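Open your viewer and get ready to click through some side chains. We will go from stop to stop, and at each one you will hear what to select and what is there.

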Amino acid sequence: MNHELTLVIDFGAQYSQLIARRVRECSVYSEIVPYTASAEEIIGRQPKAIILSGGPASVYAEGAPRIDPAIFEAGIPILGICYGMQLTSHLLGGQVTRAGRREYGFAQMQAEACPLFDQFGQELQVWMSHGDAVHQLPPGFVSIGRTDNAPVAAMAHFEKQIYGVQFHPEVAHTRRGTEIIRNFLYRVAGCRGDWTIASFIDEAVARIRAQVGGGRAICGLSGGVDSSVAAALVHWAIGDNLTCIFVDHGLLRQGEVEQVVETFGHHLGVRLVHVDAARRFLGQLAGVADPERKRKIIGNEFIRVFEEEAAKVGDARFLVQGTIYPDVVESGTATAATIKTHHNVGGLPEDMVLELVEPLRELFKDEVRAVGRQLGLPEEMVGRHPFPGPGLAIRVIGEITGEKLEILRAADHIFISELRQAGLYDQVWQAFAVLTDTRSVGVMGDERTYGWTIALRAVESSDAMTADWSRLPYEFLGRVSNRIVNEVAGVNRVVYDITSKPPATIEWE
Ligand code: XMP
């Protein structure tokens with residue numbers, strides 16, 4: 001693959017992935033590299049442009065992340081965002097000081113006419129989040145934007161094509177932020193824009209064919225977006241040499257099994273092995289209440305079933321996985337403590353000698369969805385919210401029984417279909433019902449009831465690392481609650497979860 005490349009250098013920002021996504025939305029391929037990369041590595045990749053991300057540090061803090069200043073001398077256009085701008089200033093001889101007060105939120109910026117801001121007029125609404133600020137410009141730089149609080153809200157060295165913005169063009173709050181990024185890529189760095197979904201598919205198909213040749217591959221299909229799109233893409237490339245193994249662990253949502261079988265088996269004509277392993281999994285899970293034990297049992301059992309089925313396929317040498325770019329970036333940089341061991345369904349058994357085929361490794365979720373649409377997967381499948389590998393097992397709090405799963409499936413189905421009906425489904429990152437382990441007293445007709453409590457969860461997020469609870473309309477929540485209590489036997493109370501992540505997590509277990 002030989003595309004125009006933009007490198008986003010990550011200084012520990014919350015928003016690095018968002019920057020890379022915005023660049024790709026402008027049809028320019030981008031990758032994230034850690035700030036520890038050497039100048040040779042960075043320059044050696046021959047990027048058309050470099051973006052320095054924000055970050056939590058102050059340039060004067062001990063051990064503050066830095067970059068080799070040689071990158072400023074390589075003739076590559078550079079845009080520093082927030083910390084990236086402060087560091088640029090600091091390294092090139094300007095002065096950064098702690099601002100009088102921390103600036104957080106909207107600001108009106110007076111923009112100067114320049115390639116970055118040209119067509120916008122003078123006033124730009126921007127989103128600020130910083131403590132330090134550039135106080136004195138480095139030699140050769142001029143200020144190209146000011147706010148009431150920051151005399152240098154943006155700066156430029158026109159000759160060297162080095163720019164800095166104190167605000168965050170990548171977040172949606174900065175109106176016209178994507179246009180600013182586009183201006184940097186096209187007007188400053190001279191990109192032409194050669195990253196499209198159609199070109200990705202063509203190249204991916206060629207790469208898969210080159211890797212697999214006439215060999216045979218298997219794929220663990222979970223019904224989730226990533227593995228579905230990976231399977232569809234590989235099927236496009238190698239046809240019947242791919243066999244998909246769909247392990248139904250009995251922990252899927254209502255209608256999910258039928259949909260996977262219909263889409264892959266009938267509609268796309270993929271060789272599909274559908275393994276009904278529900279009894280096996282539920283048997284292993286009987287009496288188990290601890291979330292991490294549930295995950296472990298499901299992970300192990302999954303591998304066992306998968307291995308048995310893979311052996312029947314015989315001479316497969318390749319394993320297709322739906323790994324996507326955020327998985328790659330996170331496993332490359334993760335230093336965080338393990339909060340939950342995310343079991344990746346389709347995970348590679350250690351002693352299985354299969355070569356991995358991971359055609360989506362470079363893509364963000366929205367790009368994966370676009371590929372799926374182009375390959376003809378139904379909207380209901382590609383537009384679907386993320387669903388955890390252990391499935392409903394971690395949404396039935398405590399011990400799992402067949403009866404509890406039935407209750408949860410019915411309640412979840414009502415919630416999700418009402419969301420779709422109200423046009424709210426695509427506005428939330430993820431929504432689902434949880435069957436809590438709490439029972440409470442209610443009254444129905446003239447009878448006392450003692451029933452289960454269903455919790456509804458809906459969150460907004462861009463990467464699941466942090467999330468905010470969705471402000472769903474009260475009338476909507478009221479309707480869902482009514483339907484669940486009336487239609488799902490055994491439930492007499494519905495609550496809505498109004499905690500964000502952190503301090504909560506998205507799933508309850
Ligand atoms: P949490 O609950 O950690 O979830 O805030 C973040 C995202 O990950 C999903 N999730 C999982 N996915 N196996 C998975 O494949 C798991 O064990 C698992 N646990 C959580 C969750 O649905 C959310 O999208």
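A search of this whole predicted model finds 29 salt bridges. Let's visit some of them.

**Stop one: Arg45 and Glu31.** Select these two residues and show their side chains, which meet in a salt bridge at 3.2 Å, N to O. Now colour the chain by secondary structure. Glu31 sits in strand S2 (residues 29–34), while Arg45 lies in the loop between helix H2 (39–44) and strand S3 (49–52), so the pair ties together parts that are 14 residues apart in sequence. Is Glu31 buried or exposed? Glu31 counts as buried because its relative accessibility is 17%, and the cut-off for buried is under 20%.

**Stop two: Arg483 and Glu418.** Hide the first pair and select this one. Here the side chains form a salt bridge at 2.9 Å, N to O. Which parts of the chain does the pair link? Arg483 belongs to helix H14 (residues 474–487) and Glu418 to helix H13 (residues 402–421), distant parts of the chain with the two residues 65 apart. Check the surface again: Arg483 is partly exposed, with a relative accessible area of 27%, whereas Glu418 is buried, with 9%.

**Stop three: Arg457 and Asp497.** Select this pair to see another salt bridge, at 3.2 Å, N to O. Arg457 is in strand S16 (residues 447–460), and Asp497 is in the segment after strand S18 (491–496); they are 40 residues apart, so this link too joins distant parts of the chain. Both Arg457 and Asp497 are buried.

**Stop four: a network.** Select Arg280, Glu301, Arg304 and Glu308 together. Salt bridges link these four residues in a network.

**Last stop: the cysteines.** A disulfide is a covalent bond between the sulfur atoms of two cysteines. How many disulfides does the structure hold? It holds zero. Cys191 counts as buried, at 5% relative accessibility.

Now move to Cys244, where the nearest cysteine sulfur, that of Cys219, is 4.5 Å away. Why is Cys244 in no disulfide? A disulfide needs the two sulfur atoms within 2.5 Å, and the sulfur of Cys219 is 4.5 Å away. Cys244 also counts as buried, at 0% relative accessibility.

Note on methods:
Residues are numbered from 1 along each chain as its sequence is written. This is a predicted model: local features need pLDDT of at least 70, side-chain atom pairs count only at pLDDT 80 or more; totals for chains, interfaces and linings use all residues. Side-chain values use heavy atoms; hydrogens and water are left out. Buried means under 20% relative accessible area, exposed over 50%, partly exposed in between (1.4 Å probe, protein chains only). Helices (H or I, at least four residues) and strands (E, at least two) are DSSP runs, numbered from the N terminus.
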